[in-house]
Amino acid sequence: MSKEGLEISKRKKILTEKFFYFFLLFLTLVVVAFVLGIIIYLIIKGSGAINWEFLSQKPREGMRAGGIFPAILGTFYLILGTLVFSLPIGILAAVYLNEYASKNRLTRVIRLSIVNMSGVPSVVYGLFGLGFFVMLLKFGKSILAGCLTLAFLILPVIITATEEALKAVPDSYRHASLALGATRWQTVVKVVLPRALPGIVTGSVIGIGRAAGETAPIIFTVAAFSQPNLPNSIFSQVMALPYHLYVLATQLTDTPEGVQWGTALVLLMMVLIFSIIGTAIRTRSRLRRKE
Amino acid sequence: MGKFKSKARNVKSFLISRFIFLNGIISIIILALILAFLIANSIRFFSSYPFLEFLTGQKWSPTVLGEFGFLPLLTGSLLVTFGAIVIAVPLGIGSAIYIGELAPKAVREVLKPIIEILATIPSVVIGFIGIKLLAPLIKDIFNIGIGLTALTGSIMLAFMSLPTIISISEDAINAVPTRYRHASIALGATKWETTHKTVIPTASSGMVAAVMLGLGRIVGETMTVLMITGNSPRIVFSWLQPVRTITATIAAEMGETVQGGMHYSSLFAIGLILFIITFLINFVSNRFINRIRES
């Protein structure tokens with residue numbers, strides 16, 4: 001091949017390379033534009049509707065005016081109740097896997113089930129919650145039934161995050177504690193768990209974000225179409241932000257645009273704040289560990 | 001006294017370890033419970049409605065005609081899922097290659113959290129955006145009566161599956177040993193040739209697993225499809241028609257059923273089928289991923 005030929009083939013190579021780089025960059029930018037587009041558009045359309053009245057008042061005129069306070073409060077109750085059930089179970093399950101379990105067939109099956117649990121569609125959790133908590137245990141459509149259903153849904157998140165955090169605690173800590181005569185349980189409670197706390201908090205916060213945004217599991221187990229009166233027991237139904245948005249968008253379509261966009265924005269912000277807090281805690285504890 | 005104390009301590013630690021064990025196997029218990037409840041509640045339907053008629057029936061009209069044909073729901077789910085995968089694969093794999101292999105470190109640090117944010121946006125918000133922005137767009141572009149179609153659902157579901165596809169594919173790319181890249185460069189290959197002839201083939205099985213996990217997400221997604229695919233349980237073969245998926249049917253109809261009745265039971269039955277489909281998809285893709293991790 002002549003020198004010129006080599007030049008041309010090299011230039012061709014550079015050209016193909018450039019083309020593919022730009023193509024892949026373009027694909028990535030499409031994804032980024034989608035995410036940022038949704039967030040920015042929601043802020044632009046929704047922020048006008050959000051004021052103190054919107055956040056603190058009950059809905060009026062068949063939910064077409066007034067505020068969304070009952071839905072915010074309902075989601076808050078659901079989050080709290082979900083944590084009460086999922087946190088202890090999730091942490092202990094992770095403690096079992098990382099501190100107690102031996103590497104055998106059972107442990108493998110447990111890990112497989114955790115992964116498969118996170119793949120079960122959320123609407124199936126809803127069906128299960130309806131059949132088990134609402135019907136069989138006769139909790140009715142209630143905060144209790146909804147929280148238990150959501151707790152099951154986010155368990156895999158909490159177990160996985162806690163186990164990661166436990167794994168990151170150096171074995172020398174455990175050995176030192178055991179050598180001082182502490183039992184395995186004392187070692188877990190007094191030495192391992194405190195060290196793993198940031199990771200556990202991160203996992204829980206991310207789990208909460210997920211629970212706060214879920215709609216399908218709460219439709220049959222707790223969510224009320226309209227319940228302006230605030231709940232007075234764990235057997236009450238509540239309104240919840242995601243279900244409220246669903247109702248506004250598909251059933252009360254004559255609701256003023258502002259109310260709809262405002263509700264969507266409040267929900268998105270709630271979920272984003274949880275995700276940002278979770279990420280911040282994780283990053284901080286990682287930086288500290290490096291020091 | 002000392003002996004007694006140590007005995008009490010033994011009993012206590014035995015009880016504690018039993019209790020922890022019980023929590024440890026909670027995931028198995030829950031999965032078994034879910035399966036048991038789906039089966040228990042669908043028995044009434046399967047025992048009184050002919051199974052063949054259910055599988056091959058062309059009409060889903062539980063209240064008006066009393067017909068429970070699964071085909072319209074199946075074609076609805078297949079249509080939406082297939083469309084979503086066709087859109088998600090180039091976007092997901094392409095972004096993963098860019099983020100995992102080509103992007104400078106600073107750019108990567110910006111891109112990754114943005115993709116993570118996508119995973120946290122609730123499906124009802126995506127559905128809402130679909131109704132407000134995408135559906136009118138589809139309506140205008142294709143000049144059709146309503147914009148709530150299978151295609152509308154496919155587009156939104158594709159984006160919702162991207163966080164899964166991108167992060168798992170990126171893991172697969174990162175798992176390719178650096179010495180492979182060095183060897184390729186040393187042989188005179190350019191950076192792109194290395195990516196395209198060495199890195200991508202090595203990571204390809206991980207990418208397949210990533211797409212399958214994304215597929216599991218798409219098949220199980222409920223709220224978005226319920227809101228934007230038009231809610232019409234008819235057999236159609238066009239992406240520009242309204243459809244109704246398995247998941248959307250459960251969510252849409254469960255509220256109106258008589259608890260314990262035939263319709264109620266039929267929704268558990270299609271829930272059971274949905275559970276089995278997603279379970280199989282996840283099971284196979286996780287086996288894939290584990291095998292890659294071990295090797």
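The area buried between chain B and chain A of this predicted model is about 6,700 Å². Buried area here is the accessible area (1.4 Å probe) that two parts lose on being put together, summed over both. Carbon and sulfur atoms give 81% of this area. In chain B, the residues that lose the most area to chain A are B:Ile20, B:Phe128 and B:Trp192, together 10% of what that side buries. In terms of contact (heavy atoms within 4.5 Å), 74 residues of chain B meet 76 residues of chain A.

The model is predicted, with pLDDT of at least 70 needed for local features and 80 or more for side-chain atom pairs, while totals for chains, interfaces and linings use all residues. Residues are numbered from 1 along each chain as its sequence is written, chains are lettered from A and ligands numbered from 1 in the order in which they are written, and side-chain values use heavy atoms, without hydrogens and water.

Three salt bridges link chain B and chain A. The criterion is a side-chain nitrogen of Lys or Arg within 4 Å of a carboxyl oxygen of Asp or Glu. One salt bridge pairs the side chains of B:Glu193 and A:Lys13, at 3.5 Å from N to O. Helix 12 (residues 262–294) of chain B supplies eleven residues, the largest share of the side of chain B that touches chain A. Helices (H or I, at least four residues) and strands (E, at least two) are DSSP runs, numbered from the N terminus.

B:Glu193 lies in helix 9 (residues 191–220) of chain B. Its relative accessibility is 17%, so B:Glu193 counts as buried. The classes are buried under 20% relative accessible area, exposed over 50% and partly exposed in between (1.4 Å probe, protein chains only). Beyond residues up to four places away in sequence, B:Glu193 touches A:Lys13, B:Gly188 and B:Thr198.

B:Pro62 sits in the loop between strand 1 (60–61) and strand 2 (67–68) of chain B. B:Pro62 counts as buried because its relative accessibility is 15%. Neighbours within four places in sequence aside, B:Pro62 contacts B:Glu67, B:Phe68, B:Glu253 and B:His263.

Helix 5 (residues 105–120) of chain B has 16 residues. Its buried residues are B:Leu111, B:Ile114, B:Ile115 and B:Leu118. They cover an arc of only 100° around the axis, so they lie on the same side of helix 5 of chain B. The arc is taken from the directions from the helix axis to the C-beta atoms. On the other side of helix 5, B:Lys105, B:Ala106 and B:Ala119 are exposed.

Technical notes
The expected span of a helix is 1.5 Å times one less than its number of residues.
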